[in-house]
Structures are given as structure tokens and as C-alpha cells.
Amino acid sequence: MSLYIHIPYCERRCLFCGCHLFISKDHHAGGPYVDRLLAEAEIIAKRVGRDHRVMQLALGGGTPNFLLIEDMQRLIDGLRAIWEFPEEGERSIEIDVRTTDNAYMDRLLDMGFNRVSFGVQDLHPDVVSRVRKHQSQELVEAIVSHLLERKIQALNFDLIYGLPGQNPERFGQTIDETIRMRPSRIALFGYAHVPWMKSHQKVLERYGLPDEKERVQLWGIAFEKFRDAGYVPIGMDHFAEPHDELAQSQRVGRLNRNFMGYTTARGLDLVGLGVSSIASVGDVYVQNRKEIPPYMDDVDAGRLPWQKALTLSTEDKMRRDLIIDLFSNFTLDAAAFEKTWNVDFWKAFAAEREKLEPLAADGLVNLGDTRIDVTPLGRFFIRNICTVFDQYLDPTTQRFSKTV
Ligand code: SF4
């Protein structure tokens, strides 16, 4: 299985952030939370058994390294006592460089973490100051150098385009510096401005946000620089070194995408621990309670701390497969799909075909009798293409962030 653990604490809030978190300067708050994570794992183990191999472990947040190192150690030891973590598995953690040091990182490596993600976002001092994420390039570089000395090359950088203060020159410098530090994977996300959901983002409007045209320009600069530096574009928003497993999976059409982003593994059940975490097990999606007190109350009472659950219909699963294929591999073999799902593809998706025709006329997709292929231009608009197959999306009643 794949295991995601949400650590929802941060010392302060960055203004662009859309993550689910609570602000605290008291790092001891992580101790009781870890108690509940372990208790929740025991509740799950009672139901699904202990005989499982965790092939992927991911700690995200919030700030996972908000935890005191002794709490982190307790968490990892406790989980290892419940499930098996094979040596060849991936164990990744998101790190805020402002609240870590070499000694902390060394302990994480000793615990078995073998991939480290950095929320870099941008390296220009004016941009990071506007979004209130005061982290210097030197700080990022110091931790990266230390990890490279320790022979950890599985490093991820998350970058964001569309932030206030970004322009082609500044963002180009950020990309150049990123390439110089040579992380093995880069996620390049568009800033999602959703102040109706995240009211703190409203403050950023006083600086002026890049418009659609500027966003596309920033994205294009990054795309070209990464490509020219030898990175392989992965799916809609990632880049990877050619030898990285993501690039290899994409080459053989095995790339997958789940709540955490692109992944090499298909068919793993995803179990989530902690507030707001999402699980996808068999035909069921579940999301945990979002507030800490009710989450803890449920766990203390021996209950699964679920806020909501959804059982997928056959139609849901079929559409999920289709969307993941297009999102990940930019192609869909309709003939193979028909065999798997026992449907006449274009009969089942006749309404969608009608909506795809204008996109085909714009040169974004090629529609064949037995396949759909996203064109190189269409890759930039893959979200728009995939939403055609989303039967729950209702743009007349819902508001979303920009797709490009
Ligand atoms: S960007 Fe990271 S550090 Fe900043 S508030 Fe969000 S989760 Fe916390």
C-alpha cells in the first residue's frame, strides 16, 4: 500500500498557501498528534490487518518537520511496528528549510527517508517577501548540498508560477538556479488564487497578480529552460531527470496520478492518516475530519475519524481510469479501454466527443476511431481536455482556480 500522513502545523502562514494547516509555534503540539496518528494506524490495522507492505510513504502538510525529532522517531518506529516498510520502497518527506538543520536531516535519513521535497516556490527575494515565505536561496542550497553529500539525490523542488512580483526575468533566474542545484524532480504548479476559499490570499491582490497571458509566458519560460537542461516533461506539471523513475514510467505508459501528484505505482491502495487526509482503498474514497479536536476525539474513542466517504460506481471508476490515462500519458487506447470496461467507447462517450471536437479543431487533441492523442500544444491544456470527461463538474455553480 501507499501511506500518506498529514502533519497540519506551520509556524506561520505563507500568503499563497492553499494547504490545510494550523498555525502554531509550539512544536510540542506535535507530540499528542503523533499519539493519535499511531492510534489511527492501529485502528486501521485492526480492520485491514498488519500483513501489508508500505511501498510508498509520504509525509506532507503543513510542515512535517514541525515535529520534534523525537516525535518523528516515535512515529516512524510505531508505524514500522505495525506494517512492513521494504527497503526498496520510497519514503518521502516535505521539508521547510526555515525550520530544519543538518542534524535533523541526518536523523530523517537514519529513519529511512530516501526522497526529500522542498517547497521552494520562487527564489527571488522580492517575490518570497510578497508572499511572506522568507527563505533565502542560501538556506535552500545549504540543505540541498548537505543531502547531496549524504548521497541523497532523490530531491524534489516545488515551484509556483503566477505569484505577485514574478516577471519573465526574475522567474527565469529562479529556473536557472533550480537547474544549477539539479533536483531530480520538479513540480511546476500554477498559483491557485481562490480567496473565496482561502481568505488570506486576498492580501496578494494589492500587489497585482500576473494575468493569464503572463502566467502562460512564465510557464513557457520554465518549460523551455527545463527541457533545454535535459529534464523530461512529466504529465501536465512535472519535470524529471531522464533516469528518474517518473520519466521511466512515463516512457512505458505506466505513469499514474493520485492526490499527491504523479507516481510510478498503479494499483496500490492509498491509506491516509491525520486530519483532512484522503484515502483511496478499493472502490472507496474517504476523507478524514479536518479539525484537530474532533479528529482526536474519534481516534480516542477507537473510531475511524472519517468526515466523508464515497463508494465509486462502475461509471466513476471507468471515468477515473480514462482521466488518469489522459492526465498521465496523454493518450488513450480506446480499443484496450473497450476490452477492459466492456463498452463501445465512442458510443459511451458520444456527448464527450461533441465537446472534444472544438478542441480537436484548435489542435489540442487528435480523435481517432480507436484512440485519443493529446498534441504537444494540448498538453498545456490537459486540465481543460480532461474536464470534458468529468461528469460532476458544474461550472455554472462551482468556482475553480485557473486551469493554466
Ligand atoms: S507553503 Fe508550506 S510552510 Fe507555507 S503555510 Fe503552506 S504548508 Fe506552511
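Student: Across which strands does helix 13 lie, and at what angle does helix 13 run to strand 18?

Tutor: A word of caution belongs at the start, since this is a predicted model. Helix 13, made up of residues 350-361, lies across strand 18 and strand 19. Its direction relative to strand 18 comes to about 125°.

Student: What is the order of the strands in the open sheet of three strands, and which are its edge strands?

Tutor: The pairing in this open sheet is antiparallel, and the order is 17-19-18. Each edge strand pairs on one side only, and the twist from one strand to the next averages 10°. The edge strands are strand 17 (331-333) and strand 18 (365-367).

Student: Is Asn329 buried or exposed, and at what relative accessibility?

Tutor: Asn329 has its place in helix 10. Setting aside residues up to four places away in sequence, Asn329 touches Gln250, Gly253, Arg254, Leu255, Arg266 and Ile324. Buried means under 20% relative accessible area, so Asn329 counts as buried, with a relative accessibility of 14%.

Student: Which residues of helix 9 are buried, and within what arc do they fall?

Tutor: In helix 9, which covers residues 292-300, the buried residues are Ile292, Tyr295, Met296, Asp298 and Val299. They line one face of the helix, because, seen down the axis of helix 9, they fall within an arc of 160°.

Student: Which residues are exposed on the other side of helix 9, and what do its buried residues pack against?

Tutor: On that other side, Pro293 and Asp300 are exposed. The buried residues of helix 9, by contrast, pack against strand 2 (9-10), strand 3 (22-23), helix 1 (30-48), strand 15 (284-288) and strand 16 (306-311).

Student: Where is Leu37 found, and which residues is Leu37 in contact with beyond its neighbours within four places in sequence?

Tutor: Leu37 is found in helix 1, and at 0% relative accessibility Leu37 counts as buried. Leaving those sequence neighbours aside, the contacts of Leu37 are Ile5, Ile7, Leu75, Leu273, Gly274 and Tyr295.

Student: How many residues of strand 4 are buried, and which of them point each way?

Tutor: Six of the six residues of strand 4, residues 56-61, are buried, so strand 4 is largely enclosed by the rest of the structure. In a regular strand the side chains alternate between the two faces of the sheet. Here Gln56, Ala58 and Gly60 point one way, and the other way point Leu57, Leu59 and Gly61.

Student: How many bridges join strand 4 to strand 1 and to strand 5, and which residues are opposite Leu57?

Tutor: Strand 1, residues 2-7, runs parallel to strand 4 and is joined to it by six bridges, whereas strand 4 and strand 5, residues 90-95, pair in the parallel sense over four bridges. Leu57 is the bridge partner of Leu3, and in strand 5 the residue opposite Leu57 is Arg91.

Student: At what angle do helix 2 and helix 3 pack, and how do the residues of their contact divide?

Tutor: Helix 2 (residues 69-82) and helix 3 (residues 102-111) pack at about 5°, with their axes 11 Å apart, and that angle makes helix 2 roughly parallel to helix 3. From helix 2, Ile69, Met72, Gln73, Ile76 and Arg80 meet Tyr104, Arg107, Leu108 and Met111 of helix 3. The residues of this contact divide into six nonpolar, one polar and two charged.

Notes: Residues numbered from 1 in each chain as written. Predicted model: local features only at pLDDT ≥ 70, side-chain atom pairs only at ≥ 80, totals over all residues. Heavy atoms only, no water. Buried < 20%, exposed > 50% of the residue type's maximum accessible area, 1.4 Å probe, protein only. Helix = DSSP H or I, 4+ residues; strand = E, 2+ residues; numbered from the N terminus. Arc of directions from axis to C-beta. Contact = heavy atoms within 4.5 Å. Pairing = 2+ DSSP bridges. Axes fitted to C-alpha atoms, helices over the stretch in contact; angles between N-to-C directions. Parallel < 35°, antiparallel > 145°, perpendicular 65-115°, else oblique. Nonpolar A, V, L, I, M, F, W, Y, C, P; charged D, E, K, R; others polar.
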